[in-house]
2 protein chains.
Amino acid sequence: MKAKAVFYHAGCPVCVSAEHHVAQALDETRYELEVVHLGEAKPRIAEAEAQGVKSVPALVLNGEPFHINFGADLAALK
Amino acid sequence: MKAKAVFYHAGCPVCVSAEHHVAQALDETRYELEVVHLGEAKPRIAEAEAQGVKSVPALVLNGEPFHINFGADLAALK
């Protein structure tokens, strides 16, 4: 079974770069990647927060949050 | 030809977690991963800086620096 990878972003340039370079570099035979735009899916901000996400872009792998560079605080998206 | 991925770290817990979860999740059919411990390879700190790395852990993919969470400033490793 593939592990879950969720990439949270807000469409910012830093986010686009992280998605293009890091999220897309994941091994798709081992990870099922879901890309979530928190600006367009505001109800999922609480879900991201519950997993420890503080800012975007962030990648949650196996339930662990990894902030990749810095685009925007989650608070700024609410 | 595989693209180059360099993971810079300093052995800190945040670094170990990022290596285990993110660096090891890269698609090894597309990326050749090199792991560099900057505390043990100080001459390579300048190399990391030249690629835009400011802190560890960081992953440089296709020459672009991606800081993953925050372990230590590069300056603290000199």
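Visitor: What is the area buried between chain B and chain A?
Guide: Please keep in mind that this is a predicted model. The contact draws 18 residues from chain B and 18 residues from chain A. Carbon and sulfur atoms give 53% of the area buried between these chains, which is about 1,600 Å².

Visitor: How many residue pairs are in polar contact between chain B and chain A?
Guide: Salt bridges are one kind of link to look for, and across this interface the rule finds 0 of them. Polar contacts are counted separately, with both residues at pLDDT 80 or more. Between chain B and chain A, the number of such residue pairs is 12.

Visitor: Which element gives the largest share of the side of chain B that touches chain A?
Guide: In chain B, α1 (13-21) and β4 (64-73) each supply at least two residues of that side. By class, the side has 9 nonpolar, 6 polar and 3 charged residues. The largest share, 6 residues, comes from β4(B).

Visitor: Which residue is the bridge partner of Leu61(B) in β4(B)?
Guide: Strand β3 of chain B covers residues 55-61 and runs antiparallel to β4(B), with 6 bridges joining the two. Together β3(B) and β4(B) form a hairpin with 2 residues between them. In the turn, Asn62(B) has a positive phi of about 50°. Within β4(B), the partner of Leu61(B) is Glu64(B).

Note on methods
Residues are numbered from 1 along each chain as its sequence is written. Chains are lettered from A and ligands numbered from 1 in the order in which they are written. This is a predicted model: local features need pLDDT of at least 70, side-chain atom pairs count only at pLDDT 80 or more; totals for chains, interfaces and linings use all residues. Side-chain values use heavy atoms; hydrogens and water are left out. Contact means heavy atoms within 4.5 Å. Buried area is the accessible area (1.4 Å probe) that two parts lose on being put together, summed over both. A salt bridge is a side-chain nitrogen of Lys or Arg within 4 Å of a carboxyl oxygen of Asp or Glu. A polar contact is a pair of N or O atoms within 3.5 Å; within protein, one must be able to donate a hydrogen and the other to accept it, and residues adjacent in sequence count only if both atoms are side-chain atoms. Helices (H or I, at least four residues) and strands (E, at least two) are DSSP runs, numbered from the N terminus. Ala, Val, Leu, Ile, Met, Phe, Trp, Tyr, Cys and Pro count as nonpolar, Asp, Glu, Lys and Arg as charged, and the others, Gly among them, as polar. Two strands pair if DSSP finds at least two bridges between them.
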